[in-house]
Amino acid sequence: MSEASTNALESARARTFNPKQFLREYGIVIALLVLILLLSIISPTFLTFNNIMNVLRQVSINGLLAIGATFVILTAGIDLSVGAVLAFSGVVTASLVQGGAYPDWIAILAGLAAGLVLGLINGVVVAKWYVAPFIVTLGMMSAARGLTFVYSDGRPIPGLSESFKWFGGGTLAGVPVPVWILLIVFLISSFLLYRTRIGRYVYAVGGNEESAIISGVNVKRVKIFVYAFSGLLAGLAGIILTSRVTSGLPQAGQSYELDAIAAVVIGGTSLNGGRGKLWGTMIGVLLIGVINNGLDLLNVSSYYQLIVKGLVIAVAVLIDSQKSRKS
Amino acid sequence: MEYLLEMKSISKSFSGTYALQNVSLRLRPGSVLALMGENGAGKSTLMKILSGIHRPDEGEILIKGQRVAINSPRDSLKLGISMIHQELTPIDEMTIAENIFLGREPTRMGVVWYGEMYRKTRELLREMGISLDPKTKMKDLKVSDIQLVEIAKAVSYNSDIIIMDEPTSAITDREVHQLFRVIRDLKAKGKGIIYISHKMDEIFEISDDIMVLRDGQFIDSKPASETNNKELITMMVGRELKDIFPSNKPVPGEVVLEVRGLTKDKWFRDIHFQLRKGEILGFAGLMGSGRTEVMEALFGIVPFDSGEILLDGKPVRFRKPAEAIASGLAFITEDRKVQGLNLLASVKHNITISSLKKVSTRTGILQFRQENKEAEQYVQLLRVKARNKDQLVQYLSGGNQQKVVIAKWLMTNPRILIMDEPTRGIDIGAKTEIYKLMNDLAHQGYSIIMISSELPEVIGMSHRIVVFHNRTVAGVLNQDEASQEKIMELATGQHLVRS
């Protein structure tokens with residue numbers, strides 16, 4: 001088509017409401033709303049304040065991991081190590097607040113640092129040594145888990161200070177603290193992704209790495225940043241989980257990375273990188289949380305919950321592949 | 001049977017916009033029909049209808065006088081139509097023979113009969129004068145060889161009608177002659193060829209009839225002998241083009257860039273040249289002669305072994321593109337889709353990606369208002385035709401995509417622009433605009449290195465022309481002494497034979 005007619009076509013597309021395109025863009029939101037509507041009709045307890053807070057508290061861990069995963073996946077990478085990094089951060093933190101040995105803030109900083117360092121290692125190996133992210137983070141998944149077991153001697157670390165339990169179990173203005181933390185992290189991450197240079201570079205690297213290099217983008221730094229950020233958020237999630245279950249569990253977080261990746265994909269971010277939105281990831285996180293909660297309320301066995309989650313992911317990927325084919 | 005193929009009053013619209021309106025086409029057996037028109041004139045849509053990818057809304061198709069329905073690419077092949085696509089789609093890990101016989105491998109007792117496949121392929125390649133081993137993997141071939149294999153594949157279907165969509169965009173002159181010989185053979189066998197190309201001299205050399213489309217409409221059809229370059233351009237563009245190449249060239253100033261003895265083992269050796277302020281320096285040569293590699297080394301994309309680069313008389317060596325950019329260099333790369341653009345991002349984001357520091361605070365926070373203003377300025381300056389600057393670049397035409405790449409680089413405030421095949425695959429209207437822009441930039445004191453395989457373009461645009469042969473500089477010609485013959489003599493190494 002000529003340029004003129006391409007333009008005409010494009011603007012025609014913009015003017016008229018296109019239900020297919022709308023569905024592709026906001027289908028996930030509609031799915032969530034329909035699900036909420038259905039559940040509130042079926043189960044009287046679903047739409048109560050307590051249950052909503054319960055859902056939000058449950059999804060906050062996955063929410064943090066999924067935000068990190070969004071950054072990584074936008075650069076066309078993947079981070080499989082977050083579940084293990086979360087456990088490592090958890091036992092490090094727990095060991096420091098055990099019996100009030102150190103003040104909470106020192107333990108928390110140590111937990112965050114643990115996550116950050118492991119993430120940095122992922123990033124450096126991926127960026128400087130050109131090893132495939134899948135392999136690097138798979139290795140880290142195993143190494144961090146091993147490290148966790150060595151550090152904790154394979155045993156839970158109980159007896160945390162009372163004040164520390166507030167981060168996972170407490171509430172602020174009636175809303176659970178983890179939910180507040182997720183909200184703050186979401187806002188900061190959105191700012192980073194949409195309003196800063198580094199955020200723009202994240203999209204550029206995932207969209208076309210070769211072009212980004214030639215355009216003068218420091219691609220290595222961008223990659224190191226996203227894996228470090230993912231590690232840091234995994235560390236934070238580890239601290240909150242430890243606080244919530246009131247002990248450092250070395251086996252915590254197993255297969256959490258898959259839920260995080262699932263949320264990102266359901267939220268419409270392309271595994272090929274360069275395309276996706278943080279709010280989509282949040283909707284993905286909520287959708288998974290609501291499905292799990294709803295099926296719980298309906299007394300459906302957790303075995304079935306896995307099947308339903310699998311189907312939702314499959315549908316989301318199907319929609320995404322349609323989207324890429326269109327473009 | 002007068003016509004091999006007739007397409008009558010074909011119309012096709014996408015979402016209410018006409019891509020083709022009442023277009024008719026006739027192809028005689030044993031002839032070459034050149035299909036011309038700017039990018040987006042409807043050539044591709046028409047050919048996609050013929051090859052079964054799109055179905056027409058109206059109109060009919062007759063093959064050898066019989067009305068036919070083409071509902072799928074398979075139908076098209078069965079009816080004796082094969083197409084060489086512009087975008088090459090080789091399966092890298094497979095051999096030449098496996099690619100040619102993909103989906104129709106000769107079998108013996110249900111098992112692929114490799115002996116037969118390789119024998120047939122060898123025969124086919126020999127017939128076409130292509131000296132390649134059928135067992136070579138596609139990934140080991142040069143782009144030009146891949147193109148030849150695709151052509152061989154189309155020929156191997158033994159179709160009556162062969163559509164060639166810009167078959168020469170990636171091959172050298174020698175291979176073009178090879179291709180033309182094949183086309184003449186096919187003609188002699190009574191086949192009909194539809195030939196799409198932007199290259200005028202080729203069109204006049206090979207075609208019998210020329211048909212022009214513009215904005216989805218049939219403009220005219222004439223025997224090639226009854227028309228000329230100028231008339232065709234006027235028909236395609238719809239307006240008189242005074243002159244494609246600007247005539248008021250600036251006078252070059254002092255030397256800004258000098259390259260001395262640049263060498264990278266196996267890639268290029270002993271490269272010397274000087275670039276002056278306000279100069280357009282053309283780089284001619286065959287594909288694979290090392291021109292692009294020299295620029296990549298200069299720009300810090302790949303390292304080089306020895307030699308010197310002097311910027312304003314001072315030695316420099318860029319270890320990565322960011323350093324070259326900071327020193328005022330810009331590299332408008334050869335393949336905009338692979339290296340130039342992020343197709344998933346908007347016009348605006350593509351334009352500003354190399355200059356985000358200009359539109360953000362020192363801490364890295366983007367100033368959207370400023371970014372919008374700057375991006376808008378470049379959209380206006382280059383007259384990028386887009387719905388708005390938030391439109392994704394993948395929806396723009398080739399010419400407009402190229403303008404976006406140029407805009408990106410101009411925003412970095414460069415002094416030296418390296419343009420690698422700046423007008424490849426874009427229509428003549430956009431080409432003219434880009435030529436004018438290049439000339440304007442030279443007047444403003446920008447220095448431009450232009451790599452181009454289109455000789456009229458190199459001669460028309462450059463002050464001086466550096467000709468490459470066999471990975472080194474074969475000679476430098478001034479514009480007034482340059483001719484296509486002289487350039488080709490240097491580029492093919494004939495000057496060495498004679499002396």
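In the predicted model, chain B has a mean pLDDT of 89, with 97% of its residues at 70 or more. The scores for the model are ipTM 0.86 and pTM 0.79.

The largest nonpolar core comprises 176 residues, of which A:Leu65, B:Ile418 and B:Ile448 touch the most other members. The greatest contribution to this core, 16 residues, comes from helix α11 of chain A (residues 219–245). When residues up to four places away in sequence are not counted, the contacts of B:Ile448 are B:Ile280, B:Leu281, B:Leu417, B:Met419, B:Met438, B:Leu441 and B:Ala442. Another core, of 65 residues, lies apart from the largest one and includes B:Ile10, B:Tyr18, B:Val32 and B:Ile81.

In chain B, four strands form an open sheet in the order β14-β13-β16-β17, and their pairing is antiparallel. Strands β14 (268–276) and β17 (314–316) of chain B form the edges, each pairing on one side only. From one strand to the next, the twist averages 20°. Strand β16(B), residues 306–311, is joined to the antiparallel β17(B) by 3 bridges, and B:Leu311 stands opposite B:Lys314 of β17(B). Helix α9 of chain B (residues 291–298) lies across β13 (255–264), β14 and β16 of that chain, and runs at about 110° to β13(B).

In chain A, helix α5 spans residues 104–129, a total of 26 residues. The distance from the first C-alpha of α5(A) to its last is 37 Å, close to the 38 Å expected at 1.5 Å a residue. A:Tyr130 follows α5(A) and has a positive phi, near 55°.

Key:
Residues numbered from 1 in each chain as written. Chains lettered and ligands numbered in written order. Predicted model: local features only at pLDDT ≥ 70, side-chain atom pairs only at ≥ 80, totals over all residues. pLDDT = per-residue confidence, 0-100. Helix = DSSP H or I, 4+ residues; strand = E, 2+ residues; numbered from the N terminus. Expected span 1.5 Å × (residues − 1). Core = buried A, V, L, I, M, F, W, Y, C linked by C-beta atoms within 7 Å. Buried ≥ 20, exposed ≤ 12 C-beta atoms within 10 Å, placed from the backbone. Contact = placed C-beta atoms within 7 Å. Pairing = 2+ DSSP bridges. Axes fitted to C-alpha atoms, helices over the stretch in contact; angles between N-to-C directions.
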